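Subject: Structure handover and notes

Hello,

Please find the structure we talked about below. My notes come after it.

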Amino acid sequence: MADLIRSIAGHYNYWMFVILMMTGLFIVVSRGNLIKKIAGLNIFQTSVFLFYISMGKVTGGTAPVNTGRAGEVYSNPLPHVLILTAIVVGIATTAVGLALAVRIKESYGSIEEDVIEDMHRTERPA
Amino acid sequence: MIMTLIDLALILALLATAVMMIRLRNLFAMVMLAGVFSLLSASLFVALDAVDVAFTEAAVGGGISTVLMLGALALTARHEAPIRRNQLVPLGVTIATGAALLYGTADLPLFGDPAAPVHTHVAPYYLATAPKEIGIDNFVTAILASYRGFDTLGETMVVFTAGVAVLFLLRSARRSRGEVSGPRDDAPDARSGKV
């Protein structure tokens, strides 16, 4: 019983991040609006970041800035570095995605996937 | 205990924000909620000791990303069209993926466990030698700029490539609308350097 409680207490935040990630995935898969899809992708991405950072947390640790005291416990700085890079790359891909959406709006007059698909169907009947 | 409660409150707020983002059809409100989502996640990063990541997330995720989204909204649409597609298949896909991931978390080390593999590989070396070798007290900066400097160089390349891609996409959009004024790149005057 104590093991079970320990396991739940040690894993619940991973579960929460999985649920959060699936919220983002649901938006990406179920919605046809391109801007909304990109926002869903951002939710997905941020949950992965949160997952990584929570892996780096050490109980009783402090932020990884040298305090000069011997025997100080720090949280792991390596996931922080990787996620810093990932955040910046994430904004770059978001920008490209949004630019594509703007371009699609120019060419088709809509950013709704359903509308664009209908257009293709009426233009070229298979 | 108090940290666990703060974590839980922030995570629940994140979940509520994400669910509202699914439901909202007004895209402006959705973008604002996306900004709130970033700010909440930045707070959670602080609670998880990742102060540098929190800075970056608040500035990039909450700031620049919101501005880009608003710019894109101004050029496209403000409202999402009513949903016509079947919602059950996406729901099924999402639940199946989520279940597989939840099953995968069972093997993960416990949250905050100092003996987890992630804490026993190179991180202790960085923590021990960075103040001596690099002379920067912030370990994240020391690793980012020095030990893993090539990663950061690659990141810069990615940002540059994305910038070039955005520039080309938006420029061709304006040209097809006929809004580009002045000499074009292939005009004789521009090539010979005369204005």
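The notes cover confidence first, then single residues, helices and aromatic rings.

This is a predicted model, in which local features need pLDDT of at least 70, side-chain atom pairs count only at pLDDT 80 or more, and totals for chains, interfaces and linings use all residues. Residues are numbered from 1 along each chain as its sequence is written, chains are lettered from A and ligands numbered from 1 in the order in which they are written, and side-chain values use heavy atoms, with hydrogens and water left out.

Confidence

The predictor gives an ipTM of 0.90 and a pTM of 0.87 for the complex. Per-residue confidence is given as pLDDT, on a scale from 0 to 100. Chain A has a mean pLDDT of 88, with 98% of its residues at 70 or more. Its helices (DSSP runs of H or I, at least four residues, numbered from the N terminus) include H4(A), residues 113-123, where confidence in the chain is lowest at a mean of 84, and H2(A), where it is highest at 93.

Chain B averages 85, and 88% of its residues score at least 70. Confidence in chain B is highest in helix H2 (residues 27-47), at 93, and lowest in helix H9 (residues 188-192), at a mean of 43. The pLDDT is below 50 over residues 182-195 of chain B, and this stretch has seven contacts in the model beyond near neighbours in sequence; a contact means heavy atoms within 4.5 Å. Where pLDDT is low, the predicted coordinates should not be read in detail.

For burial, buried means under 20% relative accessible area, exposed over 50%, and partly exposed in between (1.4 Å probe, protein chains only).

A:Lys37 sits in helix H2 (residues 34-56) of chain A. This lysine counts as buried because its relative accessibility is 15%. Its side chain reaches the backbone oxygen of A:Val28 at 2.7 Å. Leaving aside neighbours within four places in sequence, A:Lys37 is in contact with residues including A:Glu113 of its own chain and B:Arg85 of chain B.

A:Ala63 lies in the loop between H2 and helix H3 (77-108) of chain A. At a relative accessible area of 16%, A:Ala63 is also buried. Not counting residues up to four places away in sequence, A:Ala63 touches A:Tyr74, B:Asp49 and B:Val51. A:Ala63 and A:Pro77 are 14 residues apart in sequence, with their C-alpha atoms 8.3 Å apart in space.

In chain B, B:Thr17 belongs to helix H1 (residues 2-23). Its relative accessible area is 7%, so B:Thr17 is buried. B:Thr17 touches B:Leu33, B:Val36, B:Phe37 and B:Leu40, not counting residues up to four places away in sequence.

Helix H4 of chain B

H4(B) covers residues 88-105, and at 1.5 Å a residue its 18 residues should span 26 Å; the end C-alpha atoms are 26 Å apart, which agrees. The expected span is 1.5 Å times one less than the number of residues. B:Pro90, B:Thr94, B:Gly98 and B:Thr105 are its buried residues. Seen down the axis, they fall within an arc of 60°, so they line one face of H4(B); the arc is that of the directions from the helix axis to the C-beta atoms. These buried residues pack against helix H1 (2-30) of chain A. Exposed on the other side of H4(B) are B:Leu88, B:Val89, B:Ile95 and B:Tyr103.

Helix H6 of chain B and its tyrosines

The buried residues in H6(B) are B:Ala123, B:Tyr126, B:Thr129 and B:Ala130. They cover an arc of only 140° around the axis, which puts them on the same side of H6(B). They pack against H3 of chain A, together with helix H5 (117-120) and H7 of chain B. Just after H6(B), B:Gly135 takes a positive phi of about 80°.

B:Tyr126 and B:Tyr147 form a tilted pair, 4.6 Å centre to centre with 40° between the planes. This pair links distant parts of the chain, 21 residues apart: B:Tyr126 is in H6 (residues 123-133) and B:Tyr147 in H7 (residues 139-147) of chain B. B:Tyr126 is buried at 9% relative accessible area, whereas B:Tyr147 counts as partly exposed at 25%. B:Tyr125, B:Tyr126 and B:Tyr147 form one aromatic cluster.

Regards

Terms used:
Rings of Phe, Tyr and Trp (its six-membered ring) pair if their centres lie within 6.5 Å; planes under 30 degrees apart count as stacked, over 60 as edge-to-face and the rest as tilted. Helices (H or I, at least four residues) and strands (E, at least two) are DSSP runs, numbered from the N terminus. pLDDT is the predictor's confidence in each residue, from 0 to 100. A polar contact is a pair of N or O atoms within 3.5 Å; within protein, one must be able to donate a hydrogen and the other to accept it, and residues adjacent in sequence count only if both atoms are side-chain atoms.
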